[in-house]
Amino acid sequence: MNAPVAPPRPAAPRPGAPAARRGPLRRLAAPLGTAAAAAAAFGYVGAVDPNHPGHYPVCPLLHLTGLFCPACGGLRSAHAVAHGELPAALGANAVAVLAYAVCAVFWAVWTVRAARGLPIAGPRPRPVHWWALAAALALFTLVRNLPFGAFLRP
């Protein structure tokens, strides 16, 4: 004897469909909240100068070994960006300035897609991308700590 067949289930909603039904303020809450947090962080670093000692903790790698890590100079570059001084920001940490720009582009795409009610799918890096990023940061660290890479030091 055959077992009864279950009725077919309704199709699952598309991942982006619920986002389109939400109101514009709700769709923009996360991107605008992220922008507010980034503005607050840059505002604080812009107001409290990292070039004056005592305001921020010292880099442990620099303190213990004398070597500059890939993030050394990041606060100074953020301070310079907050004041609109791009050459000074690039001189403090060019990789950090590149990261600020990449984050700004991703944020802009996110905000536009959210405003239009489109599905929001961020970048989906594969392991090879993470390894490439790690290799690029290791190379940056190596070069900035060698004599010919002095121009990359903060």
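**Exercise 1. Which residues lie nearest the centre of the largest pocket, and how many residues line the pocket?**

Solution. The model is predicted: local features need pLDDT of at least 70, side-chain atom pairs count only at pLDDT 80 or more, and totals for chains, interfaces and linings use all residues. Residues are numbered from 1 along each chain as its sequence is written, and side-chain values use heavy atoms, leaving out hydrogens and water.

Step 1. On a 1 Å grid over the protein atoms alone, a pocket is an open set of points where a 1.4 Å probe fits, with protein on both sides within 12 Å along at least five of seven lines; lining residues have an atom within 4 Å of a point.

Step 2. The lining of the largest pocket counts 21 residues, and Leu98, Ala99, Val102, Phe106 and Leu133 lie nearest its centre. The volume of this pocket is about 480 Å³.

Step 3. Helix 6 contributes the most to this lining, namely 9 residues. Helix 6 and helix 7 (127-144) each give at least two residues to it. Helices here are DSSP runs (H or I, at least four residues), as strands are (E, at least two), numbered from the N terminus.

**Exercise 2. Determine where Val102 lies and whether Val102 is buried, partly exposed or exposed.**

Solution. Step 1. Val102 belongs to helix 6 (residues 94-116).

Step 2. Buried means under 20% relative accessible area, exposed over 50%, and partly exposed in between (1.4 Å probe, protein chains only). Because its relative accessible area is 39%, Val102 is partly exposed.

Step 3. Together with Leu98 and Phe106, Val102 makes a nonpolar surface patch of about 290 Å².

**Exercise 3. Describe the setting of Thr141 in helix 7.**

Solution. Step 1. Thr141 has a relative accessibility of 19%, so this residue counts as buried.

Step 2. Leaving aside residues up to four places away in sequence, Thr141 touches Phe68, Cys69 and Pro70; contact means heavy atoms within 4.5 Å.

Step 3. From Thr141 to Cys72 the separation is 69 residues in sequence and 9.5 Å in space, C-alpha to C-alpha.

**Exercise 4. Summarise the protein chain as a whole.**

Solution. Step 1. The chain has 7 helices and 0 strands.

Step 2. Of its 154 residues, 23% are buried.

Step 3. Among contacts between residues at least 6 apart in sequence, 52% join residues at least 24 apart.

Technical notes:
Patch = residues over 30% accessible without salt bridge, like charges linked within 9 Å, V, L, I, M, F, W, Y side chains within 5 Å. Areas by Shrake-Rupley, 256 points an atom, 1.4 Å probe, with all protein chains shown as cover. Salt bridge = Lys/Arg side-chain N within 4 Å of Asp/Glu carboxyl O. Points joined across faces, edges and corners; volume = space filled by probe spheres on them.
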